[in-house]
Amino acid sequence: MIQDVKKERVVITGMGIVCPLGHDIETMWQALLAGKSGVAKTTIFDASTFPTTFSAEVKNYDVAKFVKNPGLHKNGNRGSKFAVGATVQACRQAGINVETDNPADGIDRKRIGIYLGAGEGAANHEAFFGAIAAGWDNQTNVMDWTKWTDVAAVQMRAMHELEQEANMPAAHLSMLTGARGPIRSCLTACAASTQAIGEATMTIRRGDADIMIAGGAHSMIHPLGQTGFNRLTALSKRNDSPQTASRPFTASRDGFVLGEGAAIVILESLTSAKKRGAKILAEIIGYGSSSDAFRVTDMHEEGRGAIQAMEAAIADACITYKDVNYVNAHGTSTAENDSIETKAIKAVFKERAKQIVVSSIKSSMGHLIGAAGGAELITCVLAIRDGIVPATINYNDPDPELDLDYVPNTPRKMQVDVAMKESFGFGGQNNVVIVKKYQD
Amino acid sequence: MGRTRVVITGIGAVSPLGLTAGRTWEGLCAGKSGIKRITKFDPAKFTCQLAGEVEEYKIQQYVPKSFRKATKMMSKDIELAVIAADEAVRDSSLITKAIDEQKINVNPQRMAINLGAGLISCDPCELAPAVAKSLTDGKFDIKKWGKEGIELVTPLWLLKYLPNMLACHVGIIHDIQGPSNTITCAEVSGHIAIAEAAEVIARGNSDIALAGGAESKVNPVLIMRQCLIKRTTNQHNDDAEGACRPFDSDASGSIFGDGSGIVVLENLDNATKRGAKIYAEIVGTGQSACINPAYEHIEPDGYGLTIAIEKAMAQANISPKDIDLIIPHGTGIPQDDLAEAKGIEAAIGEETKRIPVWPTKSMLSNTGAACGGLDVVAAVLAMRDGIIPAAKNCVKKAVGCNLNIVKETIKTNIRYALCCGYTYGGQTAAVILKKFEN
C-alpha cells in the first residue's frame, strides 16, 4: 500500500544560493535589501542584436571555490555547477558532509533524498546551428542529413550532450552528497522549484526520507532560450535601461528579465533536526498545486488555478488566509501575470487583500525560471529571520488597476510569521508553498 | 486520514508495435520487434541507423473539435502523450470534458496529472530557414540570427519544446485542474511519475490521476547524442530485428524509439463507487540513485536499483517470494544490463533463479521517458491475461547475469509484478503492482 501521510513536521535547516545578486545567502540578501539589481548587458553570448540585449547573469562563478573535486563537475551545465555551489553551502549550514564516502555526520544516506526543479543544459550552439547550416538547402527546403551528420558527429561532444539532459543537476548532487534516498527532478516551467520543494516536503511528511535537498537550478540565458522567450514577447525590451527593466506591478512593465542560478534548501523532519541538534531556520507548513487547464499560451483570466493552488496550500497548512503576513509574488513584470496574480490575491485574501504585504524580488534578481521559486522561498525565510520584507524595486509608476501593497522600492521592517511563496508557470502550472517562523 | 488504496482503472499506449495498448500487447505476445531502419531522416551516416518509430496517425482524431487548432503547437512528444491519454481515459470509462462535455462524471479539481517527459529536442528543419537567413560567408552568425533569423522562428516555437507541455495539453483536453507535475529524470521518468501520482492520491490531493510518460527519441539530435555517448549499437544496421539484445551475450547497445504509456490511477473508493473495472493495485514504490563518477552508466553493482526495489517491497509488505514477474529496464547496453542484473539479484536473493524476468526493449525499443509507462501497461496486461511472453533476442545470457530471463511464453497467475528502471545520471525507481483483490 502506498503510504499515507504521517504528518511529520518539516523544517528548513540549511540554505544555499548562487544567483545574479551573489554566490552566498548573506551577499544576496544584503544586495536585495539595498535595492540592487543583478541585471546588465548579456555577456554569455552575443545578444547585441536580439530584441532584448540584457539579462541577469551569475557572474564570476567558479565551482572550484566550493568543492575539493571540481573535476567531477567540470562538464556540468551552468545549472549543475550553480546547484553544486548552492548545495555545498546549504549542507554546510545543516551539518551534512559532502564529498566523502565516510560521512561523519551520522546521517544514513538512504534517508537523504533530492528534489530539484531543474532545466536543460545549453546546446553547443556552434555545432547545433553549424550542422543545420551545412545540411539545409534553402532553395529546395530540404535537409541533406549526410551533410548535417558530417558536422554534427564531429562538433557535438558526448559529455556536453549528456549534460544537456534535465536530470543532470540532480545527478551531480547525488555524487556530491552521496544521497541514496528518493531522487527526483521536475520541470514545470517557472513553477518547477516551488513544486520540487513542495513535493520534497511531502516526501518527508510521509516518512520516505528524513532529509531532502530541494530547490532549483536553471539557466536559459542561451541563444535558443532567449529566442523562444523573445518570440513569445515575454521579455522586457528596455534595452536602454536594463536595471529598471524588471518592474513588476507598474503601469509601464513590458516583460520579464531572464535570469539564472540555483537555490537549495535542506528540508528535514523535525524529529531528525532535533535529534541532530540542527539549527532550525523555519518550518514549511503548506503546499498546494494545481493546473489552469485553460490555454497553453495564457493564464486563466480570473486566476482560477492560482486561487486553487493558494487555497490548497492554506488548507494544507491548517491556517486561514488571515494568518498570512507576507506574499512573495511570482511577479514577473509581464502584463498578464501581474494583473492576474493581483486578482488571485484579492480573491484569496478577500477583505484583507489591501493589508497583505506583497513583493516581487524578480525586480532585483530577474526571473530564474526553474530556479526562481527556490530563490524566492529563501528570501521568505530571511524575511522571517530578520523581520524585514524585501522591496519591489523600480516601482515608480503604479498601475492604477493593480492596487495592492507591493512594498515599493524600500524594504519594510515588519514581523513576518507566515509567508507564502507562489509560482506560476507557462502552461498553467501553479505551485504554492507556505513557510512559518519555527516554534517548538 | 484513512488508508487510501490506489488502483489502475485505465491504460493507454503508443509504441512501435501499435497505436494502442491492445496492439502493443499483441505484438509483445507475438514476439514482434518494432525496430526498423529510421525513416524520419536519412540515417546513412549515423553509427546506429535503427529506431522504433510509431506508425502514421492523424492527431486530429484524438482531440475534441474545440482543441484542434492547438494541434499545431504539438511536438511529436506531446502528440504521443495525447493519444495514449485519450485511450487510457476511454478505457477507464471516466467521462471527461474531451469524451462528452454533457455527461462529465469527474470533478476536474480532483483530477491530477503527472507525466514523465524528455527534454524535447527541436526539429532542425523547423529552424533551418531561420538559420539560413543568419549566415555570413556560409557560417552561422549570431548577430544576424538575433536581428533577422529570429523573425522566422514561429512565435509560439518555445511552447512546443517545454517538457511540461505534455501534461498541459492533456490537462486542457481533459480539463484536469488538480496537481500537475512533469518528471524529467530521463529514462526513469515514467516510473517516477506513476509513483508520485499514486502518492498524490494517497495523501488525498486528488481522487484520479493520469500518470506515465511519453517521448519521441527519433530525432536526429537525440539519436546523435546517444550515438556519441556510445549507448547505441552500431553492429546491427542490417539486422533490425536482432539489434536490441537485453541481457544477451551478444548485446552491443540500445535502440531508441518513440512511445507513450499512460495509466489512469484512482482512489479505490472512487473506483468502487462508480463500478469501474480495476486492473491492478499499486502497492509499493521505491526510489534511490546509483552513484558513479562515470555517470553515463550506472554503478557496476547496481546498488541504487537494489535500494529502490527493497524500498518498494517493504512498502508493499512483500518478500521476493511473492513476486511473479519482473520487467527490468534492460536496455541492451552490456555494462548497464550487467549492473542492473546484479542490482536486481541483490534485492531478490535466492528467488533470482525463479522469478521470470521479461525485458521489453528488444521489441519496444528504448523510449526514454515513456519506458516506465509502457512497462507498467505491459505488466497490467500480463496480469490480466496470465501470460508472460517470451523475451526476444536473449539467446545466450551474458556472463554474470543470473536473472531468469523468460525463454518461452509462460501461462501463470501473476499476483505481484515489479517494474524497475534507472537512467544515466543515476536515478532509479521500482513500482510494484498487485492483481486486484477486494
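Predicted model: local features only at pLDDT ≥ 70, side-chain atom pairs only at ≥ 80, totals over all residues.
## Chain A as a whole

Chain A contains 13 helices and 16 strands. Its C-alpha atoms fill a box of roughly 70 × 60 × 45 Å along the principal axes.

Of the 440 residues of chain A, 66% count as buried. Contacts also reach across the sequence. Among those between residues at least 6 apart, 78% join residues at least 24 apart.

## The A–B contact

On the chain A side, 78 residues are in contact with 85 residues of chain B. Helix 4 of chain A, residues 145-155, gives the most to this side, with seven residues. By class, the chain A side divides into 38 nonpolar, 28 polar and twelve charged residues.

## Helix 6 of chain A

Helix 6 of chain A spans residues 168-177 and is mostly covered, with ten of its ten residues buried. Among them are A:Met168, A:His172, A:Leu173 and A:Thr177.

Both chains supply the cover. From chain A, it includes helix 2 (78-94), strand 4 (112-118), strand 7 (183-186) and strand 8 (211-219). From chain B, it includes strand 10 (280-289) and strand 17 (427-435). Just after helix 6 of chain A comes A:Gly178, with a positive phi of about 75°.

## Strand 4 of chain B

Strand 4 of chain B, residues 111-117, is mostly covered: seven of its seven residues are buried. B:Met111, B:Ile113, B:Leu115 and B:Ala117 point one way. B:Ala112, B:Asn114 and B:Gly116 point the other way, and all of these residues are buried.

Strand 4 of chain B pairs in the parallel sense with strand 8 of chain B (residues 208-216) over seven bridges. In that pairing, B:Leu115 has B:Gly212 as its bridge partner. Strand 4 of chain B also pairs in the parallel sense with strand 7 of chain B (residues 180-183), over four bridges. Here the bridge partner of B:Gly116 is B:Ile183.

## Strand 11 of chain B

Five of the five residues of strand 11 of chain B (residues 323-327) are buried, so the strand is largely enclosed by the rest of the structure. Strand 11 of chain B pairs in the parallel sense with strand 16 of chain B (residues 416-422) over four bridges. B:Ile326 has its bridge partner, B:Leu418, in strand 16 of chain B.

## Helices 9 and 10 of chain B

Two packed helices are described by the angle between their axes and the distance between the axes. The axes of helix 9 (residues 303-316) and helix 10 (residues 334-348) of chain B come within 7 Å and cross at roughly 35°. The crossing is right-handed.

Helix 9 of chain B contributes B:Tyr303, B:Leu305, B:Thr306, B:Ile309 and B:Glu310. These meet B:Glu340, B:Gly343, B:Ile344, B:Ala346 and B:Ala347 in helix 10 of chain B. The contact has six nonpolar, two polar and two charged residues.

## B:Ile405

B:Ile405 lies in strand 14 of chain B, residues 404-405. B:Ile405 counts as buried because it has 23 C-beta neighbours inside 10 Å, where 20 or more are required.

Leaving aside residues up to four places away in sequence, B:Ile405 touches B:Phe247, B:Val357, B:Ala391, B:Cys394 and B:Lys397. B:Val395 is ten residues from B:Ile405 in sequence and 9.7 Å away, C-alpha to C-alpha.

Notes: Residues numbered from 1 in each chain as written. Chains lettered and ligands numbered in written order. Axes fitted to C-alpha atoms, helices over the stretch in contact; angles between N-to-C directions. Helix = DSSP H or I, 4+ residues; strand = E, 2+ residues; numbered from the N terminus. Left-handed = near helix turned anticlockwise from the far one by under 90°. Contact = placed C-beta atoms within 7 Å. Nonpolar A, V, L, I, M, F, W, Y, C, P; charged D, E, K, R; others polar. Buried ≥ 20, exposed ≤ 12 C-beta atoms within 10 Å, placed from the backbone. Pairing = 2+ DSSP bridges.
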